[in-house]
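Morning, everyone. Please have a look at the structure on the screen, and then I'll walk you through it.

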Amino acid sequence: MKDFKKNLQEGFAKTTEFLKNSAEKLSSVGPAAKEKAVEVVNDVLAVLPIIEDAGYRTNEFNIGIGLSPVIEISFSKFLDIPQEKIDVLKQEHEEKKMFNMILTMLDTASSLAGKLDADDFNFYETIVEIGISPKVSLRYVNKSLDSNYINMLQTD
């Protein structure tokens, strides 16, 4: 029991030190890093209307400020757009790397969602996270959840 308490105390001490160092680094983020974060967010916001033209509605977005800033955007596919039109959109906006990256992630996620067998769940939305290492997530909601709860997840 003494070893457990000692290990626990050491773990808390290390965690506290890590959090303190992280907070110091976060508070010392320079103006150039802040400007870069603002630039990325503005790039994302600028392409959201074009992504809607590709059939994906933006539900919401969150900005996480940390050692590595992140913007998280949730999308719902509301319209199936023919691949020919998607190709035209990509060609028209080929200089917008953010648009092409997000659309490719959404298309990949949509394809994957169509192949999953999650009988007790309904596919709800796709979440794209733009950061140092972009990622995409699929959100499923349990079919048995009260519809009021699901409505709380939706944004106006």
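K96 forms a salt bridge with E95, and their closest N and O atoms are 3.9 Å apart. A salt bridge here is a side-chain nitrogen of Lys or Arg within 4 Å of a carboxyl oxygen of Asp or Glu. E95 is exposed, at a relative accessible area of 53%. K96 is partly exposed, at 30%. The words have cut-offs: buried is under 20% relative accessible area, exposed is over 50%, and partly exposed is in between, with a 1.4 Å probe and protein chains only.

Before I go on, a word on where this comes from. This is a predicted model: local features need pLDDT of at least 70, side-chain atom pairs count only at pLDDT 80 or more, and totals for chains, interfaces and linings use all residues. Residues are numbered from 1 along each chain as its sequence is written, and side-chain values use heavy atoms, leaving out hydrogens and water.

How many salt bridges are there by this rule? The count is three. K77 and D80 make one of them, at 3.3 Å from N to O. K77 is partly exposed at 38%, while D80 is exposed at 66%.

Then come E125 and R139, whose side chains meet at 2.6 Å, N to O. E125 sits in strand 3 and R139 in strand 4, so this pair ties together parts that are 14 residues apart in sequence. Is E125 buried or exposed? It counts as buried, because its relative accessibility is 2%. R139 is partly exposed, at 32%.

Strand 3 covers residues 121–130, strand 4 covers residues 135–142, and they pair in the antiparallel sense over eight bridges. Strands pair if DSSP finds at least two bridges between them. Strands themselves are DSSP runs of E, at least two residues; helices are runs of H or I, at least four; both are numbered from the N terminus. Four residues lie between strand 3 and strand 4, and the two form a hairpin. Within the pairing, V128 stands opposite V136, and I127 has S137 as its bridge partner.

Zoom out. Four strands form an open sheet in the order 1-2-3-4, with antiparallel pairing. Strand 1 and strand 4 are the edges, each pairing on one side only. The twist averages 25° from one strand to the next.

M98 is in helix 4, residues 97–113. M98 is buried, with a relative accessible area of 15%. Leaving aside residues up to four places away in sequence, M98 touches V40, D43, V44, V47 and I130. Contact means heavy atoms within 4.5 Å. M98 and D43 are 55 residues apart along the chain, yet their C-alpha atoms are separated by 6.8 Å.

Last, the whole chain. It has five helices and four strands. Along the sequence, the pattern is α-α-β-β-α-α-β-β-α. Of its 156 residues, 24% count as buried. And of the contacts with a separation of 6 or more, 52% join residues 24 or more positions apart.

Thanks. Questions, please.

Note on methods: Axes fitted to C-alpha atoms, helices over the stretch in contact; angles between N-to-C directions.
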